[in-house]
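Colleague: I am new to this structure and would be grateful for a close look at one part of it. Could you please begin with a single element and describe its surroundings?

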Amino acid sequence: RVRSHDQVPGAEINSFLSLADERALAQASRIDDLAKKGDPLPPLAGVPIGVKDLLTMHGAPATAGSAILKDYHPPYDATSVARLDAAGATLLGKLNCDQFGMGSSNENSAFGPVRNPRALDRVPGGSSGGSAAAVAAGFCTASLGTDTGGSIRQPAAFCGVVGLLPTYGRVSRYGLIAFASSLDRVGPFANSVSDAAELLQVMAGPDPMDATSSHVPVDNYVAAAKAPATGMRIGVPAEYFAEGLDPDIRSAVEKTLDQLRAAGNTVQPIHLPHTEYAVPTYYVLCTAEASSNLSRFDGVRYGHRAPNAKTLSQLFRESREEGFGAEVKRRILLGTYSLSAGYYDAFYRKAQQVRTLIARDFLAAFAEVDAIVTPSTPAPAWKLGERVDDPISMYLADIYTVGPSLAGICGISVPCGVTPAGLPIGVQVLSGHFQETKLLQVAAAIE
Ligand code: GLN
């Protein structure tokens with residue numbers, strides 16, 4: 001049995017879309033039996049965890065935040081979900097998000113916006129707004145989100161929780177409903193760096209169901225999160241502290257840098273010269289991939305089917321017209337345009353080339369430093385409704401998160417203070433491919 005979202009406690013926050021009561025109770029009694037028998041408990045025994053509705057979880061719907069998948073009940077678990085389950089976690093249910101992960105405010109959900117538990121008139125960030133809000137509100141100890149261009153780090157910053165973006169390939173994407181496959185990743189939200197590390201430890205590693213999952217050995221992340229960085233070289237990119245950065249965020253991040261110095265690390269200026277191209281490059285590539293990935297929603301195989309269509313092409317057209325939200329349609333149009341003959345070279349191919357330059361900026365930086373520290377966002381959480389009619393200003397809010405996404409490196413947002421109005425501020429730590437141990441050590445030194 002799955003409850004509908006208006007019956008869920010904390011309904012004004014609107015973070016949970018469905019609860020998987022039966023599955024959660026079965027797991028809890030399994031753990032209880034182990035405990036009674038005195039058997040050793042798995043690492044996440046009994047830990048209540050929520051799952052973004054862009055991931056599949058048997059026993060609950062997977063809407064992807066969209067009306068087109070409103071009644072879709074996946075018959076299988078995403079690998080990330082299955083690994084949490086095997087580690088004993090109690091999977092509570094599914095969390096609200098922007099449709100197909102497209103958005104920065106969680107206002108693009110077909111099931112209503114999520115409210116920020118720290119300031120109910122503000123957005124929680126997006127697209128994993130429900131995942132961040134549920135942890136911030138105390139509905140679950142940790143949650144799973146997905147991040148394509150910032151959707152874990154930005155809502156973590158807005159809600160005052162930790163959000164971890166693993167290296168591309170570190171955690172399997174099997175069961176993650178695809179938005180932009182070359183960018184999509186699964187990662188945890190938690191109240192502490194070490195809780196986030198516990199989830200990563202369980203989820204990381206190769207998966208035969210995802211050919212892009214990596215065989216690079218899985219390190220001891222739990223230990224790293226308990227060993228705050230000292231003697232590390234920290235890079236600070238001038239491009240991430242330019243015009244447009246909120247002064248309260250700037251000073252909170254500068255305090256964080258002082259804290260890292262005091263812990264025996266060195267802080268040095270670095271440059272990521274192609275930063276200004278990251279937002280346009282990201283939006284060309286993610287829309288192109290989305291236009292292709294979302295062609296599978298045709299009214300035949302999954303989800304919503306238009307009731308009165310007479311022909312096949314009418315069925316495709318009407319099912320998609322009725323099922324997809326406005327932002328999803330905007331992106332399919334943009335992506336179809338940049339992939340079409342005559343425009344492909346000017347937009348898609350060019351963006352791929354710039355992506356390589358952006359990735360090389362980071363690789364060059366990591367030859368000099370162990371980690372990079374930046375603000376997670378240029379501004380704190382904005383008011384609900386404030387930017388809904390201005391997609392460009394919404395896209396620009398991703399300025400600090402999309403570059404690392406394009407480069408495939410790992411990152412984490414850690415709370416580092418509040419504005420005078422009490423809004424949470426996040427600091428972003430970045431490290432190289434599969435350098436999660438360094439990342440977690442630096443994050444631990446900040447926390
Ligand atoms: N805000 C970005 C977008 O709208 C990132 C979303 C994400 O990471 N899924 O595409």
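Modeller: Strand 10, residues 371–375, is mostly covered, with 5 of its 5 residues buried (20 or more other C-beta atoms, placed from the backbone, within 10 Å of a residue's own). Helices (H or I, at least four residues) and strands (E, at least two) are DSSP runs numbered from the N terminus. This is a predicted model, in which local features need pLDDT of at least 70 and side-chain atom pairs count only at pLDDT 80 or more, while totals for chains, interfaces and linings use all residues. Residues are numbered from 1 along each chain as its sequence is written.

Strand 10 has pairing partners (DSSP finds at least two bridges between paired strands). With strand 8, residues 233–237, strand 10 pairs in the parallel sense over 2 bridges, and I234 stands opposite A371 of strand 10. With strand 12, residues 424–431, the pairing is antiparallel and runs over 4 bridges; here I372 stands opposite L430 of strand 12.

The axes of helix 5 and helix 14 (residues 436–446) come within 10 Å and cross at roughly 160 degrees, where axes are lines fitted to C-alpha atoms over the stretch in contact and angles run from 0 to 180 degrees between N-to-C directions. Helix 5 and helix 14 are therefore roughly antiparallel (an angle over 145 degrees). Their contact (C-beta atoms, placed from the backbone, within 7 Å) is made by V193, A197 and L200 of helix 5 with E436, L440, A443 and A444 of helix 14.

Technical notes
Buried ≥ 20, exposed ≤ 12 C-beta atoms within 10 Å, placed from the backbone. Parallel < 35°, antiparallel > 145°, perpendicular 65-115°, else oblique. Contact = placed C-beta atoms within 7 Å.
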